[in-house]
Each structure stands twice: as C-alpha cells, then as structure tokens.
Amino acid sequence: MKKLNLPVIRENLPPSKSLSMDDYVEFIKLHRKYTFDRKAHEDWGKRSVVIVPFVLK
C-alpha cells in the first residue's frame with residue numbers, strides 16, 4: 001500500500017458546536033430541499049429491485 005504524505009495540523013481545532021435536535025431537524029430539511037434529487041432516487045430504486053426469486057435449498 002502506498003504511504004500518504006498528509007499535512008500535520010499543529011494548531012488547536014476550533015471548539016465544536018453540538019446541535020440540538022430541533023437544529024438537526026432543520027439542517028436535514030435544508031439538506032433535502034437543496035441536495036436531494038427525488039427523480040434520481042426513484043430511478044435508482046426501480047433499478048435496484050430484485051426480480052429473481054430467492055430460494056434456500
């Protein structure tokens with residue numbers, strides 16, 4: 001495996017902010033509104049359906 005030469009972060013990270021459940025729900029709604037493609041999701045769902053019966057012997 002090739003060794004990665006990643007940068008070393010020497011500074012302190014900014015303090016993290018935890019979201020309340022209401023803030024999280026608003027974030028998810030915003031994400032779905034602007035990034036979720038319903039047509040692509042439905043097309044993917046139609047292609048991923050299994051049409052061959054599965055039987056254990």
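Predicted model: local features only at pLDDT ≥ 70, side-chain atom pairs only at ≥ 80, totals over all residues.
**Exercise 1. Over the ring of which residue does the charged end of Arg-32 sit?**

Residues are numbered from 1 along each chain as its sequence is written, and side-chain values use heavy atoms, with hydrogens and water left out.

*Solution.* 
- Step 1: recall the rule. A charge sits over a ring if NZ of Lys or CZ of Arg is within 6 Å of the ring centre and within 35 degrees of the ring normal.
- Step 2: find the partner. The ring belongs to Phe-36, and the charged end of Arg-32 is 4.8 Å from its centre.

**Exercise 2. How many helices and strands are in the chain?**

*Solution.* 
- Step 1: count them. The chain has 2 helices and 0 strands.
- Step 2: place the helices. Helix α1 covers residues 21-35, and helix α2 covers residues 38-47.

**Exercise 3. Find the salt bridges and explain how their partners are spaced.**

*Solution.* 
- Step 1: apply the cut-off. A salt bridge needs a side-chain nitrogen of Lys or Arg within 4 Å of a carboxyl oxygen of Asp or Glu. The structure holds 2 of them.
- Step 2: take the pair in α1. Lys-29 bridges to Glu-26, with the closest N and O atoms 3.8 Å apart. Because they are 3 residues apart in helix α1, about one helical turn separates Lys-29 and Glu-26.
- Step 3: take the pair in α2. Asp-43 and Lys-39 meet at 3.6 Å, N to O. Because they are 4 residues apart in helix α2, about one helical turn separates this pair too.
- Step 4: check exposure (buried is under 20% relative accessible area, exposed over 50%, partly exposed in between, with a 1.4 Å probe and protein chains only). Glu-26 is partly exposed at 47%, and Asp-43 is partly exposed at 30%. Lys-39, at 55%, is exposed.

**Exercise 4. Which residues form a nonpolar patch on the surface?**

*Solution.* 
- Step 1: learn the rule. Patch members have over 30% relative accessible area and no salt bridge; like charges are joined within 9 Å, and nonpolar side chains (Val, Leu, Ile, Met, Phe, Trp, Tyr) within 5 Å.
- Step 2: list the members: Leu-19, Met-21, Tyr-24, Val-25, Phe-27 and Ile-28.
- Step 3: give their area. Together they have about 570 Å² of accessible area, calculated by the Shrake-Rupley method with a 1.4 Å probe, where for residues only the protein chains shown count as cover.
- Step 4: look at one member. Tyr-24 lies in helix α1; its relative accessibility is 40%, so Tyr-24 counts as partly exposed.

**Exercise 5. What is the radius of gyration of the chain, and what would a compact globule of 57 residues have?**

*Solution.* 
- Step 1: set up the comparison. The radius is taken over C-alpha atoms, and the globule rule is 2.2 Å times the number of residues to the power 0.38.
- Step 2: compare. The chain has 22 Å, but a compact globule of 57 residues would be near 10 Å.
- Step 3: Along the principal axes, the C-alpha atoms fill roughly 55 × 45 × 25 Å.
- Step 4: check for burial. Buried residues make up 0% of the 57 residues.
- Step 5: Asp-22 and Val-55 are 33 residues apart in sequence and 45 Å apart in space, C-alpha to C-alpha.
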